[in-house]
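User: I would like a close look at one single part of this molecule. Could you pick a part, walk me through it and show me what surrounds it?

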Amino acid sequence: ENGKMKKLRYFSTFTGIGGLDMGLEKMGAECVGFSEINARSIDIYMRHYPDHFNFGDITKIVPADMPDFDVFTGGFPCQSFSIAGMRAGFKDRRGQMIFYIYDILMAKKPEFVVLENVKGILNHNKGSTYRSVFKLLSSAGYSVRCVLLNSRYYGSAQARERVLFLCRLGKD
């Protein structure tokens, strides 16, 4: 379009105070909406991004009502997979949020998906939870790569290991 690159549009879920959004915003991406239910997180997020629209509870979002976007992000709830938690997995309502993500991906088909969770998802239920999430994303039409990163190697004073599911629409 007139020699200009198309501006990347993203939708953020389980947004918290906007950590993933910050990186996308710094590279010039445009937020077309976010989904967060924690009042304190929303308050902090809106101080940084007052023009962004909160679609609210992901379980109530109708994908047809969402604008189109190129990138879908989400640090989906980790309590049900974390070693520090009860490890109830998909039996815990929080552990079921991946299925709402799947519904949105099936309807909207963004080109890229970046999902974040705790290291514990890798060995939860002897690895079957990780395999289920991987297969779910693949069945939505995505080529999926997973990486385990530790924040201590990226300028943080804390050592926090996180799994990133990096997905691109189509099969490689």
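Analyst: Let's take helix α4, which runs over residues 128-139. Helix α4 has twelve residues and spans 16 Å from its first C-alpha to its last, close to the 16 Å expected at 1.5 Å a residue; the expected span is 1.5 Å times one less than the number of residues. Helices here are DSSP runs of H or I with at least four residues, strands are runs of E with at least two, and both are numbered from the N terminus. Keep in mind that this is a predicted model, in which local features need pLDDT of at least 70 and side-chain atom pairs pLDDT 80 or more, while totals for chains, interfaces and linings use all residues. Residues are numbered from 1 along each chain as its sequence is written, and side-chain values use heavy atoms, without hydrogens or water.

Which residues of α4 are buried? They are T129, V133, L136 and L137. Because they cover an arc of only 95° around the axis, they sit on the same side of α4; the arc is taken from the directions from the helix axis to the C-beta atoms. Buried means under 20% relative accessible area, exposed over 50%, and partly exposed in between, with a 1.4 Å probe and protein chains only. An α-helix has 3.6 residues a turn, so residues three or four places apart point the same way. The buried residues of α4 pack against α3 (97-108), β4, β5 (142-150) and β6, where contact means heavy atoms within 4.5 Å.

Y130 and F134 both lie in α4, four residues apart, about one turn of the helix. By the ring-pair rule (centres of Phe, Tyr or six-membered Trp rings within 6.5 Å; planes under 30 degrees apart are stacked, over 60 edge-to-face, the rest tilted), the count comes to nine aromatic pairs. The ring centres of Y130 and F134 are 6.0 Å apart and their planes are at 50°, so this pair is tilted. F134 counts as partly exposed, because its relative accessibility is 27%.

Now follow the chain out of the helix. After α4 comes G141, whose phi is positive, near 100°. Strand β5 contains V144, which counts as buried because its relative accessibility is 5%. Leaving aside neighbours within four places in sequence, V144 is in contact with F134, L137, S138, F165, L166 and C167. V144 and C167 are 23 residues apart in sequence, yet their C-alpha atoms are 4.5 Å apart in space.

K119 forms a salt bridge with E161, with the closest N and O atoms 3.2 Å apart. A salt bridge is a side-chain nitrogen of Lys or Arg within 4 Å of a carboxyl oxygen of Asp or Glu. K119 is partly exposed at 39% relative accessibility, and E161 is partly exposed at 31%.

E116 is in β4 (residues 112-118) and R162 in β6 (residues 161-169), 46 residues apart. R162 is partly exposed, with a relative accessible area of 26%. The whole structure has seven salt bridges.
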